[in-house]
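Me: Hi! I've got a model open and would like to go through some of its local features with you. Ready when you are.

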Amino acid sequence: MSRTALRICPLCEATCGLALTVDGGTVTAARGDRDDVFSRGFICPKGAAFGAVDSDPDRLRTPLVRKDGVLREAGWEEAFDAVAAGVRPVVERYGPHAVGVVLGNPNVHTMAGALYPNVLLGALGTRSLFTASTLDQMPKHVSSGLLFGDANAIPVPDLDRTDHLLLIGANPLESNGSLCTAPDFPGRLKALRARGGNLTVVDPRRTRTAKLADRHVAIRPGTDALLLAAMVHVLYEEDLADLGALAPHVEGVDDVRDAVRDFTPESVAAACDVDADVTRALARELAAAPTAAVYGRIGSCTVPHGTLASWLVDVLNILTGNLDRPGGALFPQAATDRTPRPAGPGRGFALGRWHSRVSGHPEAKGELPLSALAEEIDTVTDAGEPVRALLTVAANPVLSAPDGDRLDKALGSLDFMVSVDPYLNETSRHAHVVLPPPPPAQSPHHDFAFNTLAVRNQVRYTRPAVPLEPGRTAETEILARLTLAVSGMHGADPAAVDATVIEQTLAKAVREPHSPVHGRDPGELAALLTGENGPERRLDLMLRLGPYGDGFGARPDGLTLARLLAHPHGIDLGPLRPRLPQPLKTRSGKVELLPEPIAADLPRLARALEARPAGLVLVGRRHLRSNNSWMHNIPVLTGGSNRCTLHLHPEDAARLGVRDAQPVRVKGPGGAVTAPAEVTDTVRPGVVSLPHGWGHDRPGTRQTHAAGDPGVNVNQLLDGGMLDPLSGNAVLNGVPVTLTPLTDAKL
């Protein structure tokens with residue numbers, strides 16, 4: 001007999017509520033939850049395919065342990081015994097930094113991935129941390145850290161109330177949004193236009209989002225920061241800057257005026273391939289709108305000046321008075337945020353507290369560039385031990401990072417490797433132990449990270465829709481046991497990890513004067529926590545201490561886990577609201593509009609005024625039915641438009657003698673790939689586009705459908721040497737490439 005179970009979708013950043021049809025232990029259908037307080041029934045093709053993702057027959061069901069060079073099925077005890085025996089000797093002989101940790105994008109889509117990696121890293125003590133952030137949004141973290149003193153204080157556009165939205169390097173009609181959690185992003189953009197608002201899109205491709213816009217500016221890839229700097233110049237030159245209520249909270253306004261003096265619309269026009277009149281119009285329209293927001297995403301982050309572009313997005317919001325006001329860009333406040341501290345100066349944000357061993361890349365937000373992982377493994381220097389053991393959690397850097405061939409070889413040279421992954425993929429095939437988490441229907445869900453980026457404050461939690469299958473281990477327990485195994489506590493009760501976190505959190509909270517539990521007994525508070533297990537007790541703790549919490553009885557109407565469970569479709573906490581100066585943690589206690597690292601990088605941007613690509617440049621693209629390399633093994637999510645083809649403009653195709661569907665050899669700084677051409681005017685002349693996440697053609701994997709239609713790895717065109725120096729983010733867009741059409745004889 002079928003039943004309905006609620007589940008928050010974990011397949012992209014929109015976090016839509018789903019109503020699942022469950023027959024026995026199988027999810028047979030998924031539809032949007034019309035009563036969900038945030039998504040109101042919206043669903044995309046990925047969410048509709050939840051059951052197919054959940055029941056993929058290629059998902060691993062038991063651990064794999066390498067014996068005599070071959071991965072074989074094993075029990076959980078044997079697997080964790082092998083982890084402890086493989087990792088601890090590396091730590092004891094070479095030190096903790098010889099153990100690398102790679103965290104992939106799916107970590108932020110699971111409850112376990114939010115609760116345990118920081119505990120794991122703290123217990124291990126390694127500085128060799130690499131994450132998907134340096135292939136994506138690290139420039140935004142760095143610019144936010146420098147501007148606001150907190151790398152996680154990221155303002156999001158108030159989509160539902162703004163009058164004017166400028167999107168740069170973003171395609172939310174296909175990505176569903178990123179660093180801006182918004183179910184039904186397409187519907188929100190249509191509503192903007194229906195109420196008389198204006199949508200402007202800056203993108204070298206005429207994406208689905210660009211087709212919806214009032215104005216589409218087909219910029220040359222990689223020049224976003226130049227265009228934004230020229231817009232800032234216009235605000236000053238034409239006396240359009242007006243901070244309004246922000247003025248008391250901002251310092252450095254005159255310094256920015258001087259810093260952008262040479263970035264006139266005329267001076268950037270040739271580099272950006274955008275007429276000066278268009279640039280001036282963009283700035284004037286932004287300043288004239290009753291409310292407005294500028295929003296930049298991956299296309300403006302994964303370029304040589306990604307941090308400067310991210311900084312300039314917020315500079316424009318600030319100079320037009322649109323930061324921290326309704327209809328502009330505001331700081332969300334999640335229910336599990338820490339207890340808000342009083343406004344005032346903080347510690348600020350520092351870059352380069354340590355550096356990578358080989359190339360000397362500075363850390364950012366505690367991370368080293370994922371592009372540098374291969375050299376940190378395969379290169380011997382006098383600066384310290386190479387990475388000899390590696391833990392990957394929901395990560396497939398062989399496909400997602402530049403120069404996968406080199407990394408592929410490097411992984412094969414490790415002393416020991418552990419992968420927490422449901423698949424045997426291009427990365428986990430190198431592991432000595434693979435620990436597979438259960439399917440998403442068998443896991444609880446709360447969006448810790450994405451609620452800090454949501455366009456409306458709300459809170460939702462769903463328990464597992466399907467009981468844990470016999471022989472499976474919860475992902476939370478897997479990561480807790482992994483923490484114990486690598487930190488010298490193998491065999492201890494995994495519940496001790498949660499208990500320790502709760503004890504330490506409460507001990508700190510009772511010492512903080514602004515805490516609602518200041519001066520109380522931590523033991524008594526711990527006894528008040530509810531929940532069926534340690535992760536739920538930790539969620540209850542965070543809710544109670546958070547900005548909407550009950551403060552363990554101090555605010556009787558506040559949030560608790562029990563109250564949240566009584567509202568299965570979630571609790572609406574209201575629209576975003578102004579919060580300054582409370583979120584600021586800079587040393588001055590103000591928005592520091594021109595931080596020193598930004599000022600020091602501007603001469604590099606000035607040199608880009610003279611840069612002109614001689615030939616074609618490469619950009620990526622997203623598909624609505626895909627998310628990086630996760631979903632190419634799901635038949636219902638591949639085919640149709642979700643194909644690995646090379647987009648190129650008809651003018652370029654004619655010039656190079658390329659026919660539609662003809663195989664084309666693409667060569668970049670790091671290598672070459674062959675893909676079928678797709679001639680289309682949705683890319684501007686001089687630009688070609690390949691999607692991210694393909695290349696499922698390596699032996700030893702167990703992803704049957706993906707291997708049958710492998711596509712090519714666009715990141716193999718990169719050598720890993722092109723980085724945004726402030727953030728360490730990989731340059732994935734605006735990369736020079738050459739094309740050679742192939743005949744059958746050349747294949």
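Me: Which glycine follows H19, and what is its phi?
Reply: Glycine 488 follows H19, and its phi is positive, near 85°. Do keep in mind that this is a predicted model.

Me: How many residues of H19 are buried?
Reply: 11 of its 12 residues are buried, so the helix is mostly covered. Among the buried ones are Glu475, Arg481 and Val486.

Me: Switching to H10, what about its reach?
Reply: H10 has 14 residues, 224-237, and runs 20 Å from its first C-alpha to its last. That is close to the expected 20 Å.

Me: Why call H10 largely enclosed by the rest of the structure?
Reply: Because 13 of its 14 residues are buried.

Me: And which residue with a positive phi follows H10?
Reply: Aspartate 239 follows H10, with a phi near 55°.

Me: New topic, cysteines. How many disulfides does the structure hold?
Reply: It holds 0 disulfides. For cysteine 180, the nearest cysteine sulfur belongs to cysteine 12 and is 12 Å away. A disulfide would need the two sulfur atoms within 2.5 Å.

Me: Is cysteine 180 buried or exposed?
Reply: Cysteine 180 is buried, with a relative accessible area of 0%. Cysteine 644 counts as buried too, at 10% relative accessibility.

Me: Now threonine 339. Where is it?
Reply: Threonine 339 is in the loop between strand S14 (329-330) and helix H16 (373-378).

Me: Why does threonine 339 count as buried?
Reply: Because its relative accessibility is 17%, and buried means under 20%.

Me: What does the side chain of threonine 339 reach?
Reply: It reaches the backbone oxygen of leucine 545 at 2.4 Å. Leaving out residues up to four places away in sequence, threonine 339 touches His514, Ser515, Pro516 and Leu545.

Me: Last one, the barrel. What is the strand order?
Reply: The closed barrel has 6 strands, running S21-S25-S22-S24-S23-S28, and the pairing is mixed. From one strand to the next, the twist averages 45°.

Me: In which sense do S22 and S25 pair?
Reply: S22 (residues 646-648) and S25 (residues 687-689) pair in the antiparallel sense, over 2 bridges. Leucine 648 has valine 688 in S25 as its bridge partner.

Notes. Residues are numbered from 1 along each chain as its sequence is written. This is a predicted model: local features need pLDDT of at least 70, side-chain atom pairs count only at pLDDT 80 or more; totals for chains, interfaces and linings use all residues. Side-chain values use heavy atoms; hydrogens and water are left out. Buried means under 20% relative accessible area, exposed over 50%, partly exposed in between (1.4 Å probe, protein chains only). Helices (H or I, at least four residues) and strands (E, at least two) are DSSP runs, numbered from the N terminus. The expected span of a helix is 1.5 Å times one less than its number of residues. A polar contact is a pair of N or O atoms within 3.5 Å; within protein, one must be able to donate a hydrogen and the other to accept it, and residues adjacent in sequence count only if both atoms are side-chain atoms. Contact means heavy atoms within 4.5 Å. Two strands pair if DSSP finds at least two bridges between them. Axes are lines fitted to C-alpha atoms, for helices over the stretch in contact, and angles run from 0 to 180 degrees between N-to-C directions.
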